[in-house]
Amino acid sequence: MANHKSSEKRIRQTKTRTEHNRYYAKTMRNAVRKLRAMTNKEEATKLYPSVQKMLDKLAKTNIIHKNKAANIKSSLCQHIAKL
């Protein structure tokens, strides 16, 4: 258990940030999953910019790594091209 006031605060901050990051990472994963499940090219093309924006924001705030965001965007482009 924490013995210092600052370490208790740090524990609270870490818990809050973890919940925040987990929410946005899960939202991103669901959006990517939804886009990969699409079979209509027009709908997928309309949804892609919002997913791309989400990935870029998460990479900018270090919730996910920038290379992971780039890899996901690349694979989504390939998926849309195959439709």
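The axes of helix α2 and helix α3 (residues 66-82) come within 10 Å in this predicted model and cross at roughly 175°. Axes are lines fitted to C-alpha atoms, for helices over the stretch in contact, and angles run from 0 to 180 degrees between N-to-C directions. Helices are DSSP runs (H or I, at least four residues), numbered from the N terminus. The two helices are therefore roughly antiparallel to each other, a term for angles over 145 degrees. Their contact (heavy atoms within 4.5 Å) includes Y48, V51 and L55 of α2 and I72, L76 and I80 of α3.

Helix α1 (residues 5-37) and helix α2 (residues 41-60) have axes that come within 10 Å and cross at roughly 155°. That makes α1 roughly antiparallel to α2. Among the residues in contact are Y24, M28 and L35 of α1 and L47, Y48 and L58 of α2.

| Helix pair | Crossing angle |
|---|---|
| α1 and α2 | roughly 155° |
| α2 and α3 | roughly 175° |

N40 lies in the loop between α1 and α2. The C-alpha atoms of N40 and L83 are separated by 7.0 Å, although the residues are 43 apart along the chain.

Residues are numbered from 1 along each chain as its sequence is written. In this predicted model local features need pLDDT of at least 70, side-chain atom pairs count only at pLDDT 80 or more, and totals for chains, interfaces and linings use all residues, while side-chain values use heavy atoms, leaving out hydrogens and water.

Terms used: Parallel < 35°, antiparallel > 145°, perpendicular 65-115°, else oblique.
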